[in-house]
Amino acid sequence: MKPSFEPLAKRRGPATGALTGIGAIGAIAAFTLVAALACDAFPRRSEGEKLWRKRCASCHGLDARGNTPGYMGNVNADLSDESWVGGSDDGSVENVVREGIFAKMPANDDLTREEMRALLGHFRYLRGERSR
Ligand code: HEC
(Lines give C-alpha, C1' and ligand atoms only; values in the text may rest on other atoms or scores of the structure.)
Protein backbone atom coordinates (compact mmCIF):
# COMPACT_ATOMS: atom_id res chain seq x y z
CA MET A 1 0.00 0.00 0.00
CA LYS A 2 1.19 3.54 -0.83
CA PRO A 3 1.49 6.15 1.93
CA SER A 4 -1.38 8.66 1.78
CA PHE A 5 0.85 11.69 2.32
CA GLU A 6 3.47 13.25 0.13
CA PRO A 7 6.90 13.86 1.59
CA LEU A 8 7.25 17.53 2.58
CA ALA A 9 10.19 18.12 0.32
CA LYS A 10 8.17 17.23 -2.75
CA ARG A 11 5.40 19.66 -2.00
CA ARG A 12 7.64 22.70 -1.81
CA GLY A 13 8.00 24.60 -5.06
CA PRO A 14 11.36 25.53 -6.52
CA ALA A 15 13.53 27.52 -4.17
CA THR A 16 12.69 30.85 -5.79
CA GLY A 17 13.31 32.76 -2.59
CA ALA A 18 16.89 31.62 -2.41
CA LEU A 19 17.45 32.29 -6.11
CA THR A 20 16.17 35.84 -5.78
CA GLY A 21 18.55 36.31 -2.88
CA ILE A 22 21.51 35.11 -4.91
CA GLY A 23 20.46 37.34 -7.80
CA ALA A 24 20.35 40.38 -5.52
CA ILE A 25 23.79 39.65 -4.11
CA GLY A 26 25.09 39.26 -7.66
CA ALA A 27 23.61 42.60 -8.64
CA ILE A 28 25.16 44.33 -5.63
CA ALA A 29 28.55 42.74 -6.35
CA ALA A 30 28.38 43.83 -10.00
CA PHE A 31 27.43 47.36 -8.99
CA THR A 32 30.28 47.56 -6.49
CA LEU A 33 32.75 46.35 -9.10
CA VAL A 34 31.58 48.88 -11.67
CA ALA A 35 31.74 51.65 -9.06
CA ALA A 36 35.28 50.63 -8.08
CA LEU A 37 36.40 50.58 -11.72
CA ALA A 38 34.79 53.95 -12.36
CA CYS A 39 36.79 55.40 -9.45
CA ASP A 40 40.04 54.32 -11.05
CA ALA A 41 38.97 55.35 -14.53
CA PHE A 42 38.20 58.90 -13.34
CA PRO A 43 40.66 59.55 -10.56
CA ARG A 44 39.95 62.67 -8.57
CA ARG A 45 42.56 62.14 -5.92
CA SER A 46 45.33 64.66 -5.76
CA GLU A 47 48.92 63.55 -6.16
CA GLY A 48 49.44 64.20 -2.46
CA GLU A 49 46.49 62.09 -1.41
CA LYS A 50 47.64 59.22 -3.59
CA LEU A 51 51.09 59.33 -1.99
CA TRP A 52 49.54 59.57 1.47
CA ARG A 53 47.36 56.54 0.81
CA LYS A 54 50.25 54.55 -0.59
CA ARG A 55 52.94 55.41 1.95
CA CYS A 56 51.42 56.80 5.12
CA ALA A 57 47.82 55.75 5.63
CA SER A 58 48.60 52.18 6.67
CA CYS A 59 50.04 53.55 9.92
CA HIS A 60 48.77 57.10 10.27
CA GLY A 61 45.32 56.37 8.85
CA LEU A 62 43.47 58.09 6.02
CA ASP A 63 42.76 60.94 8.43
CA ALA A 64 46.26 61.19 10.00
CA ARG A 65 44.95 60.28 13.42
CA GLY A 66 47.08 57.16 13.62
CA ASN A 67 44.03 55.10 14.42
CA THR A 68 45.20 51.93 12.67
CA PRO A 69 46.65 48.54 13.60
CA GLY A 70 49.86 49.65 11.85
CA TYR A 71 50.50 52.55 14.23
CA MET A 72 51.50 50.15 16.95
CA GLY A 73 49.51 51.92 19.65
CA ASN A 74 51.95 54.81 19.47
CA VAL A 75 50.36 58.14 20.41
CA ASN A 76 53.08 59.95 18.47
CA ALA A 77 51.65 58.47 15.30
CA ASP A 78 48.62 60.71 15.75
CA LEU A 79 49.57 63.52 13.39
CA SER A 80 46.33 65.43 13.80
CA ASP A 81 47.11 66.81 17.25
CA GLU A 82 49.46 69.54 18.47
CA SER A 83 51.94 67.28 20.20
CA TRP A 84 55.14 66.72 18.28
CA VAL A 85 58.29 64.78 18.91
CA GLY A 86 59.98 66.70 16.11
CA GLY A 87 58.72 70.03 14.89
CA SER A 88 55.45 70.91 13.22
CA ASP A 89 57.02 73.07 10.52
CA ASP A 90 57.41 71.75 6.97
CA GLY A 91 61.18 71.37 7.30
CA SER A 92 60.95 69.12 10.37
CA VAL A 93 58.13 67.04 8.95
CA GLU A 94 60.02 66.66 5.68
CA ASN A 95 63.11 65.46 7.54
CA VAL A 96 61.12 62.81 9.41
CA VAL A 97 59.44 61.69 6.20
CA ARG A 98 62.74 61.48 4.30
CA GLU A 99 64.73 59.78 7.00
CA GLY A 100 62.06 57.72 8.71
CA ILE A 101 62.25 56.77 12.38
CA PHE A 102 64.37 53.82 13.34
CA ALA A 103 62.26 50.67 13.77
CA LYS A 104 59.05 52.71 13.70
CA MET A 105 58.65 54.36 10.36
CA PRO A 106 60.23 53.67 6.97
CA ALA A 107 62.33 56.29 5.20
CA ASN A 108 60.97 57.94 2.05
CA ASP A 109 64.15 59.33 0.58
CA ASP A 110 63.10 58.51 -2.97
CA LEU A 111 60.43 61.22 -3.12
CA THR A 112 61.06 64.06 -5.56
CA ARG A 113 60.67 67.67 -4.41
CA GLU A 114 57.32 67.88 -6.19
CA GLU A 115 56.09 64.67 -4.60
CA MET A 116 57.20 65.85 -1.17
CA ARG A 117 55.44 69.15 -1.67
CA ALA A 118 52.25 67.38 -2.79
CA LEU A 119 52.45 65.01 0.18
CA LEU A 120 52.95 67.84 2.67
CA GLY A 121 50.06 69.66 1.03
CA HIS A 122 47.78 66.74 1.67
CA PHE A 123 49.16 66.42 5.19
CA ARG A 124 48.31 70.08 5.89
CA TYR A 125 44.91 69.54 4.34
CA LEU A 126 44.24 66.58 6.65
CA ARG A 127 45.22 68.77 9.61
CA GLY A 128 42.76 71.40 8.45
CA GLU A 129 45.59 73.89 7.97
CA ARG A 130 44.78 74.57 4.36
CA SER A 131 42.06 73.85 1.86
CA ARG A 132 42.50 71.47 -1.00
C1 HEC B 1 55.16 51.61 9.48
C2 HEC B 1 54.26 52.63 9.98
C3 HEC B 1 54.45 54.07 9.50
C4 HEC B 1 54.42 54.55 8.20
C5 HEC B 1 54.21 53.77 6.91
C6 HEC B 1 54.60 55.98 8.29
N7 HEC B 1 54.75 56.35 9.59
FE8 HEC B 1 55.05 58.22 10.31
N9 HEC B 1 55.29 57.49 12.17
C10 HEC B 1 55.03 56.19 12.57
C11 HEC B 1 55.16 56.08 14.03
C12 HEC B 1 54.95 54.80 14.85
C13 HEC B 1 55.52 57.39 14.48
C14 HEC B 1 55.80 57.82 15.91
C15 HEC B 1 57.26 57.54 16.21
C16 HEC B 1 57.67 58.02 17.58
O17 HEC B 1 57.49 57.28 18.54
O18 HEC B 1 58.18 59.13 17.66
C19 HEC B 1 55.58 58.24 13.29
C20 HEC B 1 55.91 59.59 13.33
C21 HEC B 1 55.74 60.46 12.26
C22 HEC B 1 55.98 61.89 12.33
C23 HEC B 1 56.52 62.67 13.53
C24 HEC B 1 55.41 63.05 14.48
C25 HEC B 1 55.92 63.90 15.64
O26 HEC B 1 55.25 63.87 16.67
O27 HEC B 1 56.95 64.54 15.50
C28 HEC B 1 55.65 62.40 11.11
C29 HEC B 1 55.68 63.86 10.67
C30 HEC B 1 55.22 61.29 10.28
N31 HEC B 1 55.31 60.13 11.00
C32 HEC B 1 54.80 61.40 8.97
C33 HEC B 1 54.62 60.31 8.13
C34 HEC B 1 54.35 60.43 6.72
C35 HEC B 1 54.11 61.75 5.98
C36 HEC B 1 54.33 59.16 6.21
C37 HEC B 1 54.14 58.75 4.76
C38 HEC B 1 55.18 59.23 3.86
C39 HEC B 1 54.56 58.24 7.32
N40 HEC B 1 54.74 58.98 8.45
C41 HEC B 1 54.60 56.85 7.21
C42 HEC B 1 54.72 55.13 11.75
C43 HEC B 1 54.65 55.20 10.36
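Reader: What should I keep in mind about the numbering and the predicted model?

Author: Residues are numbered from 1 along each chain as its sequence is written. Local features need pLDDT of at least 70 and side-chain atom pairs count only at pLDDT 80 or more, while totals for chains, interfaces and linings use all residues.

Reader: Which residues of α3 are buried?

Author: An α-helix has 3.6 residues a turn, so residues three or four places apart point the same way. Here, the buried residues (20 or more other C-beta atoms within 10 Å of their own, C-beta atoms being placed from the backbone) are G48, E49, L51 and W52. Their arc around the axis, taken from the directions from the helix axis to the C-beta atoms, is only 160°, which puts them on the same side of α3. The cover over these buried residues includes α4 and α6.

Reader: At what angle do α3 and α6 pack?

Author: With axes as lines fitted to C-alpha atoms over the stretch in contact, and angles running from 0 to 180 degrees between N-to-C directions, α3 (residues 47-55) and α6 (residues 113-126) pack at about 85°, their axes 7 Å apart. That makes α3 roughly perpendicular to α6, a class that spans 65 to 115 degrees.

Note on methods. Helix = DSSP H or I, 4+ residues; strand = E, 2+ residues; numbered from the N terminus. Parallel < 35°, antiparallel > 145°, perpendicular 65-115°, else oblique. Buried ≥ 20, exposed ≤ 12 C-beta atoms within 10 Å, placed from the backbone. Contact = placed C-beta atoms within 7 Å.
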